[in-house]
Amino acid sequence: MEAAEAVAKVEQWLSAVQGAREPRLRVEREKVRRVPEGWSVPYNSVAFLDGGDAGKQIFPPPRLVVREPDGALREPSPRPGGVSIPARTPGQGYWEELIDPEFTASGLGHLGVPELAIGGWRWVGPDGTRGAERENPRYRSGPLRIGYGRPVNELEWMLLFADVDWFDRERLLTGLTQVEVLVPHHGQRVGPDTPSLEVYSSTGWLDPMTTAWRRVDLATLVAELPQQLTLRFYGPGQHYPFLVSDVVAALRKFPRVRPPVDVLESRFEISPEVARLVEETAAELGLPSPVEPPTHAALYARINGFELTDDEIRRTVIGKSWRKLVSETEDPSRWPTDLAANGLQPAYGDDGRIEPIVDRCGKYCSDAPQGYRHGFRRISGAYVGFALGEALAISGGDGPLRIGPLTQRLLFLTEGVIRGRSDLAAGATGGLLRWLHTQGDTVPGEVDGWLVQVPDLYADSLPDPDELAAIRELAMGRPGTGSGSAALLAALPAAVTTGVPAVEHNAGATARLIAGVTHQPGVDLDAAEYLAEVFDRMLTKLRLPPTVWVAGTEPGLKDLGVRDALPDYARFGLPEVLDPKDFGSGHDSLTVLRHAFSAIAGYENQPEVALRRAVGHSGRTALTGALAGALIGSRNGIPGLPWVERLELRYLVENVATDAYRHFNRSSPLNMGYWTERYPTS
């Protein structure tokens with residue numbers, strides 16, 4: 001479409017708006033310009049344009065966008081980055097677009113509304129009355145609904161929109177003309193023999209070892225590069241390659257309108273400010289020598305997919321300094337009263353007592369930063385999420401969220417599989433009996449290990465009477481007589497056991513083994529097996545694990561009917577958004593799974609909403625909330641969970657999860673001769 005054709009369309013619209021009256025508005029032809037969505041065609045009053053009457057000028061001048069290639073007329077948004085809407089003619093109805101909120105939130109409205117981002121249309125009559133709706137069969141769910149991580153800038157929104165086919169290659173290239181990228185600072189020069197240059201969308205996508213980079217707008221960067229060089233964009237989604245010549249051509253069509261950016265940046269932990277802080281903190285505490293800057297802590301967090309904030313790095317310096325002070329003076333009375341304010345967090349020693357450590361912010365494990373199969377953020381997030389989901393169901397409100405009996409048993413089951421060595425069934429049995437001991441029952445054998453020495457675990461947690469009876473049967477030597485959805489507790493610890501290099505069992509079989517300690521063979525063990533296999537896929541150390549709606553439908557899993565609760569967000573057309581209430585109020589294993597999966601499928605990036613959905617029905621909300629929390633936590637890690645600061649015994653739960661992660665990894669402290677008192681053989 002040429003400019004003249006766009007002007008003609010707007011003039012035709014102006015004629016329809018003004019009717020038979022003498023024209024009062026006319027297109028400003030000399031100010032027509034091409035924009036990413038099509039042609040921007042401004043218009044103003046005839047009195048101003050012809051007579052120069054400033055008092056008749058419309059300011060700012062209104063305009064329409066003539067969209068390419070279909071020629072549709074649209075009214076641009078009054079705010080930068082806002083979404084245009086179809087142009088309306090007074091006295092006529094129109095079809096209002098129902099645009100996916102992910103697109104409206106992106107700030108990329110200037111690139112035009114993609115057809116695949118329109119869920120449908122709603123008729124609006126001449127009087128403004130809203131009427132019938134019709135679905136867009138070509139709609140595709142947005143990237144956040146599908147399960148990608150939340151983007152941090154416009155470039156990442158663009159890359160994600162390209163990944164779900166909202167943006168084609170041309171629209172993506174048009175958007176790239178206005179962005180800035182990160183180029184790792186390796187001192188490497190680009191020459192005629194360099195095949196490609198990697199550029200990154202944000203610091204979170206840089207290699208964890210990278211500590212310095214150049215932040216530069218793409219227009220400035222391509223001006224100094226060979227035309228045939230390939231730029232490879234790294235960020236969320238696929239890694240998109242573009243020739244420099246493609247970017248240059250796009251810039252000729254749409255020159256950069258923002259100020260240029262070209263600066264060198266580096267990680268905060270290696271900054272002069274942090275160097276001064278370690279010196280000042282040492283002087284304040286009276287240390288003879290300062291601690292090292294927290295470069296390892298920051299690196300370990302990045303290995304696990306997180307970045308320490310500047311404030312977290314400052315608090316890490318303070319926490320390390322306190323640890324050094326107490327270690328060198330051998331005086332535990334020196335610990336500050338407020339651990340959190342001094343960069344510390346509680347940890348539990350072999351005797352169950354609290355021993356402060358440097359606050360890891362839920363982002364890394366300093367003793368084993370890299371997992372073999374599983375990621376620390378996945379396991380720690382799953383355990384804390386489990387506790388959070390149950391606590392939300394039984395506590396609610398705005399006060400403290402106390403852990404419940406399901407979380408208690410999960411902790412003891414996990415301790416049991418760590419102690420079980422080659423006999424996981426015996427280990428699980430021992431763990432459940434130690435939990436029964438904390439409930440006031442007499443159990444056979446010695447009650448040892450560190451977990452039974454934690455006083456807070458002796459609180460009356462009001463366990464389910466039937467489940468308590470089944471474990472009491474276990475204490476009397478009659479295992480496997482129970483039934484019910486509590487079998488699902490075996491799934492998470494079973495999945496964790498597969499993190500070691502030479503594992504000889506799979507998660508599903510292990511779940512059947514652990515759950516079979518208290519439950520009879522049948523559908524409950526089938527459900528535990530299925531859930532363990534889902535967890536095993538979601539605990540991966542990969543940066544982006546599968547979503548629950550993908551992991552729950554992968555080939556090889558038993559078809560227990562749970563898939564009915566998992567919509568397919570990858571297909572065209574509006575997905576069927578299911579609600580836990582759609583699956584009745586049952587308490588059986590399969591219904592609990594349907595409740596949990598339907599609550600979070602498509603809401604992985606909205607954990608508050610997902611957890612509220614998981615506990616907002618009449619079923620077994622404590623278990624549903626716990627499982628939903630574990631699945632959400634495995635996706636988002638502890639920092640991505642809501643209300644964590646209100647969760648009582650959060651650090652105890654995290655401690656058990658960290659021990660399990662370390663044990664079922666490359667080299668367990670238990671196998672190396674440590675932890676013999678902490679985790680004696682069951």
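This dialogue covers aromatic pairs, charges over rings and nonpolar cores in a predicted model.

Student: How is an aromatic pair described, and how many are there?

Tutor: A pair of aromatic rings is described by the distance of the centres and the angle of the planes. Rings of Phe, Tyr and Trp (its six-membered ring) pair if their centres lie within 6.5 Å; planes under 30 degrees apart are stacked, over 60 edge-to-face, and the rest tilted. The search of the whole structure gives 16 aromatic pairs. In one of them, Tyr530 and Phe597 are tilted, at 6.1 Å centre to centre and 40 degrees between the planes.

Student: Which residues form one aromatic cluster?

Tutor: Phe103, Trp157, Phe161, Trp166 and Phe167 do.

Student: Where does the charged end of Arg140 sit?

Tutor: A charge counts as over a ring if NZ of Lys or CZ of Arg is within 6 Å of the ring centre and within 35 degrees of the ring normal. The charged end of Arg140 is over the ring of Phe572, 4.9 Å from its centre. Arg145 lies over the face of Tyr603, 4.7 Å from the ring centre.

Student: How many residues has the largest nonpolar core?

Tutor: In soluble globular proteins, nonpolar side chains tend to be buried together. A nonpolar core is a set of buried (under 20% relative accessible area, 1.4 Å probe, protein chains only) Ala, Val, Leu, Ile, Met, Phe, Trp, Tyr and Cys residues joined through side-chain atoms within 4.5 Å. The largest has 154 residues, and those with the most contacts inside it include Phe103, Leu221 and Phe597. Phe597 is buried, at 0% relative accessibility.

Student: What are the ground rules?

Tutor: Residues are numbered from 1 along each chain as its sequence is written, and side-chain values use heavy atoms, without hydrogens and water. Local features need pLDDT of at least 70 and side-chain atom pairs 80 or more, while totals for chains, interfaces and linings use all residues.

Key. Buried < 20%, exposed > 50% of the residue type's maximum accessible area, 1.4 Å probe, protein only.
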